[in-house]
Amino acid sequence: MLKALLKKLSEATVSVLPVTAIVLLLNFMPFASVSFTGTETAVFVCSAALLIFGMALFNLGADIAMTPMGEQIGSGLSKSGKFKTLLLICFVMGVFITIAEPDLSVLALQVKGVIPSKALTIAIGMGVGIFLVLSILKIVFRITLAQMLTFFYLILFALVGLGLTVSPESFESFLPLAFDSGGVTTGPITVPFIMALGVGVSATLGDKRDRESSFGFIALCSIGPILAVMLLGVFSKGTVDYTLPDYGMDLGHVPSTLLHTLKSVAIALGPIVVFFFILQAIFMRSSRRKVKQIVVGIFYTFFGLVIFLSAVEIGFMPIGFKMGAQLSTINRWAMVAIAFVLGFTVVLAEPAIHVLKKQVETVTGGAISKRSMLIALSVGVGLSIGLSVIRVFYGFSVLYYLIPGYILSLGLSFFVPKIYTAIAFDSGGVASGPLTSTFILPFIVGVCAAMSGPASVLTDAFGLVAMVAMTPLITIQTLGFKAVVTKHVKEKIAMKRILDADDEQIIKFM
């Protein structure tokens with residue numbers, strides 16, 4: 001176990017150091033106009049160290065607890081033959097896990113002046129629960145992910161048109177928040193469990209030859225929250241008032257932050273653990289050794305997440321906001337370049353990314369490597385942050401990005417291997433994790449508040465998480481399109497060589 005922990009610490013260090021180094025370097029570069037006090041720098045460095053340790057514990061816990069739990073629940077319920085029970089449990093777990101997701105709590109905290117926290121979390125939880133059930137039905141009825149995604153995104157954009165017609169003023173303010181909710185829902189608690197649940201169900205109910213069927217759960221579960229929040233926007237009336245939250249670094253709030261995080265993570269993990277042990281006693285009956293290993297992994301996951309989320313809230317959120325506000329004074333295109341580099345490196349530190357890349361390499365037998373996945377994700381997220389900064393400059397709607405982006409990504413889904421489409425849409429949800437909502441989002445909010453004032457934050461800054469969730473769909477499917485084109489070109493060259501060969505070199509067998 002110690003050897004595995006040291007390996008995870010090494011991986012976490014490599015992931016977190018780049019973004020830490022960039023933030024600290026900007027503090028010493030005169031052209032960047034970024035300056036932190038000695039206390040802020042010390043807190044940030046300590047938070048980065050805790051981030052590394054928390055991320056390592058979480059990843060280790062995900063390997064030995066969250067993933068096996070999800071797979072065993074999925075396969076155990078599927079083998080029991082009680083299909084209605086499987087659907088009901090998936091719906092209930094989808095709702096409760098989402099309501100307690102720490103990422104969602106962070107978003108709800110930043111927009112509590114727009115939508116009451118309880119209304120937002122319940123609506124999003126219901127959305128995830130319904131679409132988790134639809135993900136199971138996709139496997140049972142052999143429906144392709146591309147078909148389901150196309151159908152539901154058409155409904156989604158039809159709802160956008162309806163909302164802009166019925167209540168244009170309030171709905172336009174809800175739009176960025178609605179698309180962001182789809183990204184933050186799939187956080188560090190839900191991703192390992194839902195992905196493993198998909199693998200377990202697919203292994204039992206799906207086509208053994210169809211590698212794509214075990215992916216796509218995250219992609220579909222990201223649509224439900226968007227539709228749910230949009231419906232809230234359609235039925236709301238009047239203007240929406242947004243109040244900028246307090247992004248100050250107050251060390252006196254450290255104890256309360258730790259206690260709040262402990263409570264949030266305990267509530268988040270609680271339903272999964274309780275359901276697992278109930279189902280373990282009724283349906284699965286795993287060995288005592290396996291159960292003991294899962295219990296140890298749950299503790300690693302719990303303390304890892306508490307450390308990770310406390311570190312980003314205490315050290316990264318205030319620094320992100322202050323960086324954005326101070327960088328708003330430099331050359332615009334230099335700021336876009338800095339935003340791209342930040343996005344490129346931040347995705348490496350998202351804990352759920354490491355869960356996804358491991359599963360991708362395992363399921364595809366190494367056909368899609370972890371390295372190519374990370375490069376595609378990093379480029380995609382970097383582009384999304386850069387484009388989001390440009391949107392803040394000019395103040396246009398996020399729909400100018402999302403509509404063409406989703407048309408392109410859904411169009412690509414009909415030309416690339418299904419496995420690339422499934423992985424791409426899952427990656428979009430996974431990339432928009434805790435660091436995006438607690439570091440990059442405050443960064444964009446800081447830029448927007450400094451340049452245009454707090455009143456424009458809701459319409460111009462929010463939508464960032466949606467951009468982070470969208471761009472990997474294009475970059476990863478581009479990998480698939482490149483693979484298809486390369487294969488076609490190689491086959492064409494091989495056929496040309498055969499046709500151009502000298503007849504005397506052809507051996508005839510009678």
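1. Basis of the values. Because this is a predicted model, local features require pLDDT of at least 70 and side-chain atom pairs count only at pLDDT 80 or more, whereas totals for chains, interfaces and linings use all residues. Residues are numbered from 1 along each chain as its sequence is written, and side-chain values use heavy atoms, with hydrogens and water left out.

2. The chain as a whole. The chain holds 20 helices and zero strands, where helices (H or I, at least four residues) and strands (E, at least two) are DSSP runs numbered from the N terminus. Of its 510 residues, 58% are buried, a term that stands for under 20% relative accessible area, with exposed meaning over 50% and partly exposed in between (1.4 Å probe, protein chains only). Among contacts between residues at least 6 apart in sequence, 88% join residues at least 24 apart, contact meaning heavy atoms within 4.5 Å.

3. Packing of H1 on H13. Helix H1 (residues 2–28) packs with helix H13 (residues 332–346) at an angle of about 155°, and their axes are 8 Å apart; axes are lines fitted to C-alpha atoms, for helices over the stretch in contact, and angles run from 0 to 180 degrees between N-to-C directions. H1 contributes Ser 15, Pro 18, Val 19, Ile 22 and Leu 26 to the contact, and H13 contributes Ile 338, Val 341, Leu 342, Thr 345 and Val 346. By class, the residues of this contact are eight nonpolar, two polar and no charged, with Ala, Val, Leu, Ile, Met, Phe, Trp, Tyr, Cys and Pro counted as nonpolar, Asp, Glu, Lys and Arg as charged, and the others, Gly among them, as polar.

4. Phe 443. This residue lies in helix H18 (residues 434–452) and is buried, its relative accessible area being 0%. Leaving aside residues up to four places away in sequence, Phe 443 touches Gly 320, Phe 321, Met 323, Gly 324, Leu 327, Ala 339, Leu 342 and Val 389. Phe 443 and Lys 322 are 121 residues apart in sequence, yet their C-alpha atoms are 7.2 Å apart in space.

5. Ser 135, in helix H5 (residues 117–140), counts as buried at 0% relative accessibility, and a polar atom of its side chain lies 2.8 Å from the backbone oxygen of Phe 131. Thr 475, in helix H20 (residues 464–500), is buried with a relative accessible area of 17%, and a polar atom of its side chain lies 3.4 Å from the backbone oxygen of Pro 472. Not counting residues up to four places away in sequence, Ser 135 touches Phe 217, Leu 220 and Cys 221, while Thr 475 touches Ala 376, Val 379 and Gly 380.

6. Helix length and backbone angles. Helix H15 (residues 370–394) has 25 residues and reaches 36 Å from its first C-alpha to its last, close to the 36 Å expected at 1.5 Å a residue, the expected span being 1.5 Å times one less than the number of residues. H15 is followed by Gly 395, whose phi is positive, near 65°. Arg 142, in the loop between H5 and helix H6 (145–166), also has a positive phi, near 55°, in a residue other than glycine.

Technical notes. Polar contact = N/O pair within 3.5 Å; in protein donor to acceptor, adjacent residues only side chain to side chain.
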